[in-house]
Amino acid sequence: MSTENLRNGPDILTIRGLTVSFSGFRAISDVDLDVKEGEIHVIIGPNGAGKSTLMDLITGKTKATEGDILFKGEEITSKDPGVIASKYHIGRKFQGPNVFDNMTVFENIEIALGGYTSIPKAFAYRRRAEQKSKIEDVLRQINLYDQRDMMASELAHGQRQWLEIGMVIAQSPELIILDEPAAGMTDTETYKTGQMIKELAKEHTLIVIEHDMEFVEQIADYVTVLHQGRKLAEGPFSEVKNNKKVIQVYLKDDMDEEGD
Ligand SMILES: Nc1ncnc2c1ncn2[C@@H]1O[C@H](COP(=O)(O)OP(=O)(O)OP(=O)(O)O)[C@@H](O)[C@H]1O
Ligand SMILES: [Mg+2]
């Protein structure tokens, strides 16, 4: 679907006046955000802009000081992380890998799926077959089907990141949040991750935090720029990349780094 059509569609997430203060410091300040069903919504912004904190607020890890977060029109602002994940089907991959090293790739996905529940023996076989086929589907989606019996510790860095994406999608989320999914990847891995995300967008809505502008251009339907806890700009990537305020913030950031 085109960006314009998506933007005219319903919100999956509506954020209004969102603010969080950490002992007086406003890490997120009066932010409004609309995430449309089915879009890939990329959040960019310099280090410390508040991107991860915004995701902490959406997933209930951090409680808002002020403002509202609605999932399909329903208030989720002060709900517990477990409820937000299981009842509202919001799944999140954190910045940096979190896989079980001493298990196989297959087992990692199996654990994420919810693993072994106690069910009557007569159903167990069928259930196991269904579960196996679901795990295999996920493994194909993340390009790790051939590596399914490898230990997670043997995977390349990029593959570990994919495994983590798999652990998120195994939980059948409607909204998937990925915090810097291509961090530390080679160019080839980054491109493949972008294609993977675009495939996922056929069945899910995604919020992706990213720094690599080429990658943002590859995947984004819509971009929101955060700076010092506030929304600086939003729009399709083609507009945002030419926005004067955005250019200024990124140039300043680069010059600060050179000065270090
Ligand atoms: N729990 C907390 N307590 C105090 N300050 C915090 C807390 N969480 C985040 N901050 C501060 O809020 C600001 C925003 O941090 P955040 O991690 O959201 O930035 P970011 O945009 O994700 O940056 P990066 O690109 O480096 O990942 C930072 O100044 C950070 O130090
Ligand atoms: Mg961050």
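Guide: What follows starts with the sheet, goes on to the ligand shell and the loop beside it, and ends with the chain as a whole.

This is a predicted model, in which local features need pLDDT of at least 70 and side-chain atom pairs count only at pLDDT 80 or more, while totals for chains, interfaces and linings use all residues. Residues are numbered from 1 along each chain as its sequence is written, and chains are lettered from A and ligands numbered from 1 in the order in which they are written.

The open sheet has four strands in the order β2-β1-β4-β5, and the pairing is antiparallel. Helices (H or I, at least four residues) and strands (E, at least two) are DSSP runs, numbered from the N terminus; two strands pair if DSSP finds at least two bridges between them. At the edges are β2 (25-36) and β5 (74-75), each of which pairs on one side only. Strand β1 (residues 11-22) and strand β4 (residues 66-71) run antiparallel and are joined by five bridges. Threonine 14 stands opposite leucine 70 in β4.

Helix α2 (residues 51-58) packs on this sheet and touches β1, β2 and β4. Contact between two residues requires that their C-beta atoms, placed from the backbone, lie within 7 Å. The direction of α2 makes about 70 degrees with that of β2; axes are lines fitted to C-alpha atoms, for helices over the stretch in contact, and angles run from 0 to 180 degrees between N-to-C directions.

Helix α2 also gives the most to the shell around ligand 1, with three residues. The residues around ligand 1 are Phe22, Ala27, Gly45, Asn47, Gly48, Ala49, Gly50, Lys51, Ser52 and Thr53. A residue belongs here if its C-beta atom, placed from the backbone, lies within 6 Å of the molecule. By class, the shell holds three nonpolar, six polar and one charged. In this scheme Ala, Val, Leu, Ile, Met, Phe, Trp, Tyr, Cys and Pro count as nonpolar, Asp, Glu, Lys and Arg as charged, and the others, Gly among them, as polar.

Serine 23 lies in the loop between β1 and β2. Its phi is near 35 degrees, a positive value in a residue other than glycine. Serine 23 counts as exposed because it has 4 C-beta neighbours inside 10 Å; the class is exposed at 12 or fewer other C-beta atoms within 10 Å, buried at 20 or more, and partly exposed in between, with C-beta atoms placed from the backbone.

Elsewhere, valine 223 is found in strand β9 and is buried, with 25 other C-beta atoms within 10 Å. Apart from neighbours within four places in sequence, valine 223 is in contact with residues including Val42, Ile44 and Val240. Glutamine 228, in the loop between β9 (222-227) and β10 (230-235), has a phi near 50 degrees, again positive in a residue other than glycine.

For the chain as a whole, the secondary structure comes to 10 helices and 10 strands. Its radius of gyration is 19 Å, close to the 18 Å that the globule rule gives for 260 residues, so the chain is as compact as a globular protein of that length. The radius is taken over C-alpha atoms, and the rule is 2.2 Å times the number of residues to the power 0.38. Of the 260 residues, 40% count as buried.
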